[in-house]
Amino acid sequence: MQFHEVRYEGAQPVDSYGPGFFRVAGEVIHGPVLVTAEAASGWGGLEDITPLTALKDQIDVLFLGMGAEIAHPPAPLRDALEEAGIGIELMSSAAACRTYNVLIAEGRRIALAALPV
């Protein structure tokens, strides 16, 4: 078996996560997180729609990590993303982090908004 190191050139990978935090590109962020290829920052959670819709010209799909379990997002969030033309993929935060890392390594136009586990 041959192993290859994954390189995240020009991107912000999720290094790890735990109760109440995410480690993104070496930086610890407490609480919900918003991550794009260019930056990572704290996020206000499911009611904080503006930073997500502001990504409309930068991404095609938003991975929405709902914490430990998958749940439906609030209708205003879902409607705002649809109106902005941003696709949404709901997952647990763990699955969203893993999927985000795989796709940013491929150079895809995606972002991650995740609630802590």
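The expected span of a helix is 1.5 Å times one less than its number of residues. Helix α3 has 13 residues and reaches 18 Å from its first C-alpha to its last, close to the 18 Å expected at 1.5 Å a residue. Helices (H or I, at least four residues) and strands (E, at least two) are DSSP runs, numbered from the N terminus. The model is predicted: local features need pLDDT of at least 70, side-chain atom pairs count only at pLDDT 80 or more, and totals for chains, interfaces and linings use all residues. Residues are numbered from 1 along each chain as its sequence is written, and side-chain values use heavy atoms, with hydrogens and water left out.

The chain contains 3 helices and 8 strands. Along the sequence, their order is β-β-β-β-β-α-β-α-β-α-β. The radius of gyration, taken over C-alpha atoms, is compared with a globule rule of 2.2 Å times the number of residues to the power 0.38. For 117 residues, a compact globule would have a value near 13 Å, and the chain agrees because its own value is 13 Å. Along the principal axes, the C-alpha atoms fill a box of roughly 45 × 30 × 25 Å.

Of the 117 residues, 41% count as buried. The accessible surface of the chain, from the Shrake-Rupley method with a 1.4 Å probe, comes to about 6,500 Å². Carbon and sulfur atoms account for 52% of that surface. Contact means heavy atoms within 4.5 Å. Among contacts between residues at least 6 apart in sequence, 64% join residues at least 24 apart.

Charges were also located. Lys and Arg count as positive and Asp and Glu as negative, while His and the chain ends are not counted. Each charge is placed at NZ of Lys, CZ of Arg, CG of Asp or CD of Glu. The chain has 7 positive and 15 negative charges, and their mean positions are 4 Å apart.

The loop between β7 (87-91) and α3 (93-105) holds S92. S92 counts as buried because its relative accessibility is 16%. Beyond its neighbours within four places in sequence, S92 is in contact with G65, M66, G67, A68 and I70. Within α3, the buried residues are S93, A94, A95, A96, C97, Y100, N101, L103 and I104. These buried residues pack against β1 (14-18), β2 (21-24), β4 (33-35), β6 (61-65), β7 and β8 (110-114). After α3 comes G107, with a positive phi near 80°.

Strand β4 includes V33. V33 has 1% relative accessibility and therefore counts as buried. Leaving out residues up to four places away in sequence, V33 touches F22, V24, S41, W43, L112, A113 and A114. R78 lies 45 residues from V33 along the chain, and their C-alpha atoms are separated by 18 Å.

R78 belongs to helix α2 (residues 75-84). At 36% relative accessibility, R78 counts as partly exposed.

A25 sits in the loop between β2 and β3 (27-30). Its relative accessibility is 40%, so A25 counts as partly exposed. A25 touches Q12, P13 and D15, not counting residues up to four places away in sequence. The phi of A25 is near 50°, a positive value in a residue other than glycine. Between the C-alpha atoms of A25 and P74, 49 residues apart along the chain, the separation is 29 Å.

Terms used
Buried means under 20% relative accessible area, exposed over 50%, partly exposed in between (1.4 Å probe, protein chains only).
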